[in-house]
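Work through the following exercises with the sequence and the model in view. Each task is followed by a solution in steps.

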Amino acid sequence: MERNVALATVVGAGLALQRHDLKLLLPVAALALWFSLGGHYIELTFLNGLRARMPQGRLAQRVIRLLVWFSGGVLLYVGMAATARALPIEAPPLRLWWYGGFLLIAVELVVHAVLAIRGLSNFYNGRG
């Protein structure tokens, strides 16, 4: 969980520095937690709850995992957009709900690439 909070903080700091407005640090970090922490729990839901109930073929597992990431990303985006409306920042538009699905897929593929580089179980080698 510490990594998820650290990642959200880095995203918040990066955007605050880019916009030259340090007041954005905490609100943006809070929104980034939707994807860093929420994405972690979506992956755990797949690994611990759904994977055993799905066809065991490698292609089927990968396609289902991508669909889980996409649908989870959509839910996270909607939650993030709703939360942003309660914060003193410009909220992302709800009409871009599908963007969250592709964003979570991209984040997860990068995370799994890092796992692959480290020789750990991951999406690419079929062990994770």
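**Exercise 1.** State whether Arg65 and Glu43 are buried or exposed, and find how their side chains meet.

Step 1. Arg65 and Glu43 are both buried; buried means under 20% relative accessible area, exposed over 50%, and partly exposed in between, with a 1.4 Å probe and protein chains only.

Step 2. The two side chains form a salt bridge, at 2.4 Å from N to O. The term requires a side-chain nitrogen of Lys or Arg within 4 Å of a carboxyl oxygen of Asp or Glu. By this rule the count is 1 salt bridge.

Step 3. Arg65 lies in helix α3 (residues 58–84) and Glu43 in helix α2, so the pair, 22 residues apart, links distant parts of the chain. Helices (H or I, at least four residues) and strands (E, at least two) are DSSP runs, numbered from the N terminus.

The model is predicted: local features need pLDDT of at least 70, side-chain atom pairs count only at pLDDT 80 or more, and totals for chains, interfaces and linings use all residues. Residues are numbered from 1 along each chain as its sequence is written, and side-chain values use heavy atoms, without hydrogens and water.

**Exercise 2.** Describe how helix α1 and helix α2 cross, and which residues meet.

Step 1. The axes of α1 (residues 2–18) and α2 (residues 25–50) come within 7 Å and cross at roughly 140 degrees. Axes are lines fitted to C-alpha atoms, for helices over the stretch in contact, with angles from 0 to 180 degrees between N-to-C directions.

Step 2. Residues of α1 in the contact include Val5, Leu7 and Val11; those of α2 include Val28, Leu33 and His40. Contact means heavy atoms within 4.5 Å.

Step 3. By class, this contact has 13 nonpolar, 5 polar and no charged residues. Ala, Val, Leu, Ile, Met, Phe, Trp, Tyr, Cys and Pro count as nonpolar, Asp, Glu, Lys and Arg as charged, and the others, Gly among them, as polar.

**Exercise 3.** Where is Ser71 found, and why is Ser71 classed as partly exposed?

Step 1. Ser71 is found in helix α3.

Step 2. Ser71 is partly exposed because its relative accessible area is 39%.

**Exercise 4.** Summarise the chain and the confidence in the model.

Step 1. The chain has 4 helices and 0 strands, and buried residues make up 33% of its 128 residues.

Step 2. The average pLDDT, the predictor's confidence in each residue from 0 to 100, is 91 for the chain, and 99% of the residues score at least 70.
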